[in-house]
Structure formats: structure tokens, C-alpha cells
Amino acid sequence: MPVEVAPARSGFQDWELVLTLVTEAFEYQKDRIDPPSSADKLNATSLAQKARDECLLLAQLDSEIVGCVFARDQVTSIYVGKLAVWPR
């Protein structure tokens, strides 16, 4: 079955899952990049706010979330941030 990518549905609430996904996906960067990734500063509340300010796209395989990305319109371009895929 192919991976399906779509905007998070209205009323999406599984911010702890998205937080775990982002945290695990960015874990390999710890102690490798300077300055450190801003992923370390995220929490469930800040992710929910980020999704209100930007577009959260979720990648799903067999109804399981396997990736995410936030996108923000910048008039002539789109800023893509927090692209994360389960590292398993």
C-alpha cells in the first residue's frame, strides 16, 4: 500500500505522537549540529500552535502516521520545516 500524504484533519489532537515522531527523527542530530535543532524546544502545545499558524501534512501508511512536515506560505515561496520520518 502506498504512503498517503494529506493535510491534518480538522480537530487533529494527537500532538504527543507528532512530538515523538519529530523528536525521534531529529535525535541523530544531537551533538552533531551547532546551533542545536529547534526540535528540542517543541512540546505538544507548541506543535498545536504551529499547526494553527502553518499547514501540517501527515504521511500515513496503513492508517499509521509515519511522517510529517510543516509548510508555511511566504507569498512567493513555501517554507518547509520539521520534515520528519520515523527512523525505524
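In which sense do E2 and E3 pair, and over how many bridges? E2 and E3 pair in the antiparallel sense, over seven bridges; two strands pair if DSSP finds at least two bridges between them. Helices (H or I, at least four residues) and strands (E, at least two) are DSSP runs, numbered from the N terminus. This is a predicted model, in which local features need pLDDT of at least 70 and side-chain atom pairs count only at pLDDT 80 or more, while totals for chains, interfaces and linings use all residues. Residues are numbered from 1 along each chain as its sequence is written, and side-chain values use heavy atoms, with hydrogens and water left out.

**The sheet**

Select the four strands together. They form an open sheet in the order E1-E2-E3-E4, with antiparallel pairing. Strand E1 (4–7) and E4 are the edge strands, each pairing on one side only. From one strand to the next, the twist averages 20°; axes are lines fitted to C-alpha atoms, for helices over the stretch in contact, and angles run from 0 to 180 degrees between N-to-C directions.

Begin at E1, which pairs with E2 in the antiparallel sense over four bridges. Here Glu-4 has Gln-60 of E2 as its bridge partner. Next, select Leu-58, whose bridge partner in E3 is Cys-68. Follow the chain into the hairpin of E2 and E3, where two residues lie between the strands and Asp-62 in the turn has a positive phi of about 55°.

Now colour E3 by accessibility. Seven of the ten residues of E3 are buried, buried meaning under 20% relative accessible area, exposed over 50% and partly exposed in between (1.4 Å probe, protein chains only). Strand E3 (residues 64–73) pairs with strand E4 (residues 78–85) in the antiparallel sense over six bridges. The hairpin of E3 and E4 has four residues between the strands, and Val-75 in this hairpin takes a positive phi near 65°.

Select Glu-54, in the loop between helix H2 (44–53) and strand E2 (55–61). Is Glu-54 buried or exposed? Glu-54 counts as buried because its relative accessibility is 12%. Its side chain makes a polar contact with the side chain of Arg-72 at 3.2 Å. A polar contact is a pair of N or O atoms within 3.5 Å; within protein, one must be able to donate a hydrogen and the other to accept it, and residues adjacent in sequence count only if both atoms are side-chain atoms. Arg-72 in turn stands opposite Tyr-79 in E4.

Move to Gly-81 in strand E4. Gly-81 and Glu-54 are 27 residues apart in sequence and 9.8 Å apart in space, C-alpha to C-alpha. At 9% relative accessibility, Gly-81 also counts as buried. Leaving out residues up to four places away in sequence, Gly-81 touches Val-69 and Phe-70, contact meaning heavy atoms within 4.5 Å.

**The helices**

Finally, select helix H1 (residues 15–26) and H2, whose axes come within 9 Å and cross at roughly 100°. H1 and H2 are therefore roughly perpendicular to each other, the term for angles of 65 to 115 degrees. On the H1 side, the contact is made by Trp-15, Glu-16, Val-18 and Leu-19, and on the H2 side by Ala-44, Leu-47, Ala-48 and Ala-51.

How values were computed
Angles under 35 degrees count as roughly parallel, over 145 as roughly antiparallel, 65 to 115 as roughly perpendicular and the rest as oblique.
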